[in-house]
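This report goes through one protein chain, from its overall make-up to single contacts. Please keep the structure open while reading.

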Amino acid sequence: MLSAPSKSPGPEELAFLQQRVARFGLFSAALSAFFWVYRLGRVLVTDDPVHAVGDPSLGLHALAWIFLLGIWAANRSGTRSYRFINAVEGIGLEGACISYIVMGTYIPLIARPEMVMLSAITAVLVGRAAYVPGTARRTFVLSVAVGVPFVWTTYLAYSDIDPDLLASVGAAITPEQMALGATLNAAAWWTLNSALATGITQIIYGLRREVRDVKKLGQYVLEEKLGEGGMGVVYKAHHGMLRRPTAIKLLKSGVSNQTAVERFAREVRLTARLTHTNTVTIYDYGRTPDGLFYYAMELLDGATLDEVVAVGGPQPPGRAVKVLTEVASALTEAHGIGLIHRDIKPANIILAFKGGVPDVAKVVDFGLVKDIARDEGAGLTHDNTITGTPHYMAPEAITTPDQVDGRSDVYALGAVGYFLLTGTHVFSGDTLIEVCGHHLHTEPEAPSERLGAPIPSDLEALLLDCLAKDPGHRPESAADLVTRLEGLSSAGTWSHEDASSWWQSFGPALDRRRGAPMAVGSAHTIEVGRRPTPEFG
């Protein structure tokens, strides 16, 4: 920003400054050109003998236009240095204003040349204050640099007035008195206009500084909102020093009660203990000056499984197996240290590009994690509550939510696999009660029957095992599930080339789908009392 001449702004601020200076130059040049054409037309239409086409004031007016247009031309493209932008702006502005001031010396006194000059240079200074981000001090310095020659030129113009002209109009004052009065009048008006321009700069700069400060969280600068859920808002951001792209999750101010803060802190603390490649990485955690909590995590370039199925429909068995294997591997680490995710679902699994490799599964949103070893989480929800997403909720998560273990995540992951292969949920219903009732009592339809097309029998059998009502009939752990997935012989493979081809084909459809910001944390994630309720969130 212009507020710190000794310290150059960052690349983004510098680009913004260059853009605004260029726009100021273009706007001022267009305004100057309009009035030049107006003046020329007036000369031609009125045939004013005082203002001929060869009048030097028209030429000086055109010179001012060239100075202003030069500001735009020098900054309209490319990347300019901070010194260059400031120099071009200062020289162009001063050159234009001096041209207007000299122009006034060719305007007859009867036309009040000082007011013509004042109007022209005020338009330039006020326009600059509105367009160009800077400090009040710089605006004041530029105003003084323009004001001194303006006031001095006014004095010179009126000091040469013919005494006989004053006598002819009945003015009982001397040329010196006339010059002094006009000079004081010009100085007063210029002081007022300088204060106006300086005030505009101060207000606009102050607002920009406030916005910039609001967009900073510790070492992180917020860029754009990516989405929000019930408790938090997620922004795209970058680290101020490392310039590393980052996702920032900020606890909503409206839910900053003690329970929400504790749950948010748990999410950060527990997720930070995980180091698996297929688990989202937490970078940092902090608190804003206003008391809002946030944490920084890796920014994932990709799409949720919800989005993948929405644009691509049911997925090939090979891709489903690859995704399930990576997610189960991530859960193996979490379960190994006593953490149960409790909200595995397509919206919480992202297929990302990492190190140039497409389709790297990432497990996100550990906000509902249960720490079995420390029994953490039990006190952060209401007694006897159901926590999770209905379409991916294991039976025991409905009947005995306080006693879930890793096999509940296995059930949910089986439901995710079912969704990937068929494009539909295992069970559907119009109400929460109906969906939960199916999880408790209805046997799932075979994926191949739902799809109406063959699915490798060993893969289908494994998914149905994961969806067993009795946890004892499921794979006994996420690690066991990984072993069984790796042992499938007929599911096919999903290569780097396959993934790259899919993204090339469906990437544009994903971009179109994201015309509106994607919600982070589906509204279907619920926490409701044991009492039946039709509400999903």
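Contact means heavy atoms within 4.5 Å.

The model is a predicted one. L421 lies in helix α12, which spans residues 406–422. Is L421 buried or exposed? Its relative accessible area is 3%, and because buried means under 20%, L421 counts as buried.

Apart from neighbours within four places in sequence, L421 is in contact with P314, Q315, P316, P317 and A320, and also with L451, I455, L459 and L463. R319 is 102 residues away from L421 in sequence, yet the two C-alpha atoms are 9.2 Å apart in space.

## The chain as a whole

The protein chain has 537 residues, of which 48% count as buried. Its secondary structure consists of 17 helices and 13 strands.

Taking contacts between residues at least 6 apart in sequence, 71% join residues at least 24 apart.

## The six-stranded sheet

An open sheet is built from 6 strands in the order β1-β2-β3-β4-β6-β5, with antiparallel pairing. Its edge strands are β1 (216–217) and β5 (282–287), each of which pairs on one side only. Strands of a sheet pair through backbone hydrogen bonds, either parallel or antiparallel.

How many of the 8 residues of β3 are buried? The count is 6, so strand β3 (residues 232–239) is largely enclosed by the rest of the structure.

On the β4 side, β3 pairs with β4 (residues 245–251) over 7 bridges, in the antiparallel sense. A237 stands opposite T246 of β4. The hairpin of β3 and β4 has 5 residues between the strands, and in this hairpin R243 takes a positive phi near 65 degrees.

Another open sheet has 3 strands in the order β7-β9-β10, and its pairing is antiparallel. The edge strands are β7 (302–304) and β10 (357–363), each pairing on one side only. On average, neighbouring strands of this sheet are turned by 25 degrees against each other, direction ignored.

Strand β9 (residues 349–354) is joined to β10 by 5 bridges, and the two run antiparallel. A352 stands opposite V360 of β10. Helix α9 (residues 305–312) packs on the sheet and touches β7 and β9, with a direction at about 90 degrees to that of β7. Helix α17 (residues 496–513) also packs on the sheet, touching β7, β9 and β10, and its direction makes about 80 degrees with that of β10.

## Helices α3 and α5

Helix α3 (residues 82–104) packs against helix α5 (residues 136–159) at an angle of about 20 degrees, and their axes are 10 Å apart. Angles under 35 degrees count as roughly parallel, and α3 and α5 are therefore roughly parallel to each other. The crossing of α3 past α5 is right-handed.

The α3 side of the contact consists of N86, E89, G90, L93, E94, C97, I98 and I101, and the α5 side of R138, L142, A145, V146, P149, F150 and T153. By class, the contact has 9 nonpolar, 3 polar and 3 charged residues.

## Helices α15 and α16

Helix α15 (residues 457–466) and helix α16 (residues 478–486) have axes 10 Å apart and pack at an angle of about 165 degrees. Angles over 145 degrees count as roughly antiparallel, so α15 and α16 are roughly antiparallel to each other. Their crossing is right-handed.

Which residues make this contact? On α15 they are L462, D465 and C466, and on α16 they are L481, R484 and L485. These divide into 4 nonpolar, no polar and 2 charged residues.

Key:
Residues are numbered from 1 along each chain as its sequence is written. This is a predicted model: local features need pLDDT of at least 70, side-chain atom pairs count only at pLDDT 80 or more; totals for chains, interfaces and linings use all residues. Side-chain values use heavy atoms; hydrogens and water are left out. Two strands pair if DSSP finds at least two bridges between them. Helices (H or I, at least four residues) and strands (E, at least two) are DSSP runs, numbered from the N terminus. Axes are lines fitted to C-alpha atoms, for helices over the stretch in contact, and angles run from 0 to 180 degrees between N-to-C directions. Angles under 35 degrees count as roughly parallel, over 145 as roughly antiparallel, 65 to 115 as roughly perpendicular and the rest as oblique. A crossing is left-handed if the near helix is turned anticlockwise from the far one by less than a right angle, and right-handed if clockwise. Ala, Val, Leu, Ile, Met, Phe, Trp, Tyr, Cys and Pro count as nonpolar, Asp, Glu, Lys and Arg as charged, and the others, Gly among them, as polar. Buried means under 20% relative accessible area, exposed over 50%, partly exposed in between (1.4 Å probe, protein chains only).
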